[in-house]
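Below are some notes on the model you sent.

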Amino acid sequence: MQKIRKILTVILGVLMLIAIAVALVSCDDASYTETQVTENPETGEITYTARGVKFHVVEIDGCEYIMGTRMYSDGEAGYMSHKGNCKYCEERRRAEQY
Ligand SMILES: [Zn+2]
């Protein structure tokens, strides 16, 4: 019984060491975790790249949206969300106050 307990303790210790090693190594690549900002000199469009996802702001039907796209080996996936500080919504809020 004590032998089984000792083996389980060793296995648990090894698993904890592996978990710590993975946690320390996975966030080490600064180029992957830092946000990079690039501006297209011709259009003025700003693109943010963070964690392998490219973000840019698009204007559709009187609102600003953040569009994120990620490239995969078999294509690309994207999503869109209303920009929290949308300048058009802010203008409408200000106009309603006065
Ligand atoms: Zn809006």
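1. Taken over C-alpha atoms, the centres of domain 1 and domain 2 lie 42 Å apart. The assignment places domain 1 at residues 1-29 and domain 2 at 35-97; such bounds come from an automatic or database domain assignment.

2. Some ground rules for reading on. This is a predicted model, in which local features need pLDDT of at least 70 and side-chain atom pairs count only at pLDDT 80 or more, while totals for chains, interfaces and linings use all residues. Residue numbers start from 1 along each chain as its sequence is written.

3. The protein has a radius of gyration of 24 Å, whereas a compact globule of 98 residues would have one near 13 Å. The radius is taken over C-alpha atoms, and the globule rule is 2.2 Å times the number of residues to the power 0.38. Along the principal axes, the C-alpha atoms fill a box of roughly 75 × 35 × 25 Å.

4. What share of the 98 residues is buried? The figure is 0%. Here a residue counts as buried if 20 or more other C-beta atoms lie within 10 Å of its own, as exposed if 12 or fewer do, and as partly exposed in between, with C-beta atoms placed from the backbone.

5. Of the contacts between residues at least 6 apart in sequence, 9% join residues at least 24 apart. A contact means that the C-beta atoms of two residues, placed from the backbone, lie within 7 Å.

6. The protein has 3 helices and 5 strands, and from the N terminus the elements run α-α-β-β-β-β-β-α. Helices (H or I, at least four residues) and strands (E, at least two) are DSSP runs, numbered from the N terminus.

7. The 5 strands make an open antiparallel sheet in the order E1-E2-E3-E4-E5. Its edge strands are E1 (36-39) and E5, each of which pairs on one side only. From one strand to the next the twist averages 25 degrees; axes are lines fitted to C-alpha atoms, for helices over the stretch in contact, and angles run from 0 to 180 degrees between N-to-C directions. Two strands pair if DSSP finds at least two bridges between them.

8. Strand E4 (residues 63-72) pairs with E5 in the antiparallel sense over 8 bridges, and a hairpin of 2 residues joins E4 to E5. Gly68 has Tyr79 of E5 as its bridge partner, and Thr69 has Gly78. Strand E5 (residues 75-82) is hardly covered, with 0 buried residues among its 8.
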